[in-house]
Amino acid sequence: MSLKDLEMTIEYISDCKKLVTARTDLSTDVETLVTMDCEIRTKVSGERWFYIFPGVTGYESFELTKESVEDVCKIGWVACKGTKGSWDRLVIPAEELRQVLRQLNLIDQFRQFQVPCGLCGKPTPSIGTKRCDPCWELETRIKMDPILARKILEGLG
Ligand SMILES: [Zn+2]
């Protein structure tokens, strides 16, 4: 995907905020604290992604879901695992993420924000997939083997 195509998929970009990251050169194990920029990009599809840059490889990102936000606010985010001799390891501590996601009003939004499940209509916080947990699980398993799934359904009917 070209950069232009990528930009076409972005609907809205939040304010840019600063956060402190821990960057480690794996050949020396020296950790440096580096201030980077971060922002939230909302895609045309409704998915929201958290971006930091310059990052290690240009930028690093992850999709913002209720689960991922809870995770990074608890244990931090390993934005780049790193490779000895080429890529630095890049870790963003949980307290930095908690602070910046609160500044961007994201933590409060995820507390309330829900969409109807695309299959059963029950409210779900999974705004990216638009599937509640049981529907997501069932759909994923059916997609793994639809022919077998059909056989099972016919057996039930
Ligand atoms: Zn559902």
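Of the contacts in the protein between residues at least 6 apart in sequence, 41% join residues at least 24 apart, where two residues are in contact if their C-beta atoms, placed from the backbone, lie within 7 Å. The model is predicted, so local features need pLDDT of at least 70 and side-chain atom pairs count only at pLDDT 80 or more, while totals for chains, interfaces and linings use all residues. Residues are numbered from 1 along each chain as its sequence is written.

The protein has six helices and nine strands; these are DSSP runs numbered from the N terminus, helices being H or I of at least four residues and strands E of at least two. Its C-alpha atoms fill a box of roughly 65 × 35 × 35 Å along the principal axes. Of the 157 residues, 17% count as buried. A residue is buried if 20 or more other C-beta atoms, placed from the backbone, lie within 10 Å of its own, exposed if 12 or fewer, and partly exposed in between.

The domain assignment gives domain 1 (3–111) and domain 2 (115–156); such bounds come from an automatic or database assignment. The C-alpha centres of the two domains lie 30 Å apart. Their contact takes six residues from domain 1 and four residues from domain 2. On the domain 1 side, the touching residues divide into one nonpolar, two polar and three charged. Here Ala, Val, Leu, Ile, Met, Phe, Trp, Tyr, Cys and Pro count as nonpolar, Asp, Glu, Lys and Arg as charged, and the others, Gly among them, as polar.

Helix 2 (residues 66–75) and helix 3 have axes that come within 6 Å and cross at roughly 130°, which means that helix 2 is oblique to helix 3. Axes are lines fitted to C-alpha atoms, for helices over the stretch in contact, with angles from 0 to 180 degrees between N-to-C directions. Angles under 35 degrees count as roughly parallel, over 145 as roughly antiparallel, 65 to 115 as roughly perpendicular and the rest as oblique. Helix 2 contributes Val69, Val72, Cys73, Lys74 and Ile75 to the contact, and helix 3 contributes Ala94, Leu97, Arg98 and Leu101. These residues divide into seven nonpolar, no polar and two charged.

Glu96 also lies in helix 3 (residues 94–103). Glu96 counts as buried because it has 20 C-beta neighbours inside 10 Å. Leaving aside neighbours within four places in sequence, Glu96 is in contact with Leu19 and Val20.
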